[in-house]
Amino acid sequence: MTFRTGRIPPHVLTIGAVSFTVFAWASAFVSIRSAGAAYSPGALALGRLLAASLVLGVLLLVRRQGLPPREAWRGILLSGLVWFGGYTVALNWGERLVDAGTASLLVNTGPILMALLAARLLGEALPPRLLAGMGVSFAGAVVVGLSMSSGEGGSTSVLGVVLCLLAAVAYATGVVAQKPALSYGTPLQITAFSCLTGTVACLPFAGQLAAELPNAPVSATLNMLYLGVVPTALAFTTWTYALARMPAGRLGATTYAVPAIVVLLSWALLGEVPAWLTLLGGLLCLAGVAVSRYGPRTPRTPGQDGRLPADSADLTGSRERNSA
């Protein structure tokens with residue numbers, strides 16, 4: 001996707017893209033919670049992905065980008081199935097059982113899982129601080145599970161935690177699968193056809209969507225369309241725009257602001273505030289992520305100014321830099 005910059009400085013556009021992505025992804029947790037009252041998890045996933053595929057398809061036509069190269073399809077198919085399809089259904093189901101803030105805190109263990117998968121499948125380093133962070137985040141997930149399983153309906157709460165953790169695994173798997181694909185296709189191509197793959201995978205829920213759509217309130221349907229257009233189609237595009245212009249690790253750290261925004265939004269719009277023990281477990285999850293990302297700063301050299309670092313270049317590929 002091409003942004004017409006005009007006289008706006010590039011760094012301002014990048015900050016704007018990052019901010020839009022973070023707020024859009026945070027709002028998705030609240031919209032899922034709201035729309036999920038009228039739509040079942042599979043139907044909501046299909047409706048969201050249909051709306052996103054329509055928007056991304058229009059963008060492909062406007063940008064005149066066709067099918068991605070054959071080498072990119074393995075990552076597209078895997079990412080589409082487990083991230084766009086599996087993640088969406090699992091998160092929709094999980095948010096029927098836990099509040100939006102807790103769901104976002106659990107899903108944000110994804111970056112640690114992502115690093116573990118990248119070390120195994122892509123040969124990336126697995127430093128000791130990452131192992132320590134994984135331990136802290138796991139302890140936080142246990143605290144969240146125990147706090148939510150106390151009292152009546154404990155088993156249901158545990159199921160919600162498990163589903164959100166499965167969503168985190170699907171999210172991490174999808175990102176790792178997309179990483180090599182971005183070396184062959186443009187960000188718009190990879191995102192659009194991954195989304196289309198997820199849509200096809202969710203077609204078995206078409207009957208549920210057709211049955212629930214006429215009886216759903218307008219607000220729930222609007223939330224479903226919003227999920228497809230803004231957090232899925234547009235936010236993924238702004239994410240790749242920013243990814244081409246700043247280090248991947250630094251950009252990934254911005255998503256750690258999502259849970260705090262979700263808690264504020266869910267309190268303001270849904271009246272949901274996690275219990276203090278649940279919040280403590282979520283903070284432990286985020287603390288573990290912070291520990292895993294911490295490392296000594298390396299001094300910048302003159303040759304680094306204005307250039308993409310090596311890890312970001314590997315992720316985006318030359319085609320991405322030309323088209324983001």
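Which residues in the largest nonpolar core touch the most other members? In this predicted model, local features need pLDDT of at least 70 and side-chain atom pairs count only at pLDDT 80 or more, whereas totals for chains, interfaces and linings use all residues. Residues are numbered from 1 along each chain as its sequence is written, and side-chain values use heavy atoms, with hydrogens and water left out.

The residues in question are Tyr39, Leu44, Leu56, Tyr87 and Leu91, in a core of 55 residues. A nonpolar core is a set of buried Ala, Val, Leu, Ile, Met, Phe, Trp, Tyr and Cys residues joined through side-chain atoms within 4.5 Å; buried means under 20% relative accessible area (1.4 Å probe, protein chains only). Two or more residues of this core come from each of α1 (10-35), α2 (41-63), α3 (73-94), α4 (100-107), α5 (110-121), α7 (154-181), α8 (187-201) and α10 (218-243). The most come from α2, which gives nine. Leu44 is in contact (heavy atoms within 4.5 Å) with Ile32, Ala35, Gly36, Tyr39, Asn92, Met224 and Leu227, residues up to four places away in sequence not being counted. Another core, of six residues, lies apart from the largest one and includes Leu13, Val18, Val22 and Tyr241.

The protein chain contains 14 helices and zero strands, where helices (H or I, at least four residues) and strands (E, at least two) are DSSP runs numbered from the N terminus. Of its 324 residues, 51% are buried. Among contacts with a separation of 6 or more, 88% join residues 24 or more positions apart. The chain exposes about 15,300 Å², of which carbon and sulfur atoms supply 67%, by the Shrake-Rupley method with a 1.4 Å probe.

Conventions. Buried < 20%, exposed > 50% of the residue type's maximum accessible area, 1.4 Å probe, protein only.
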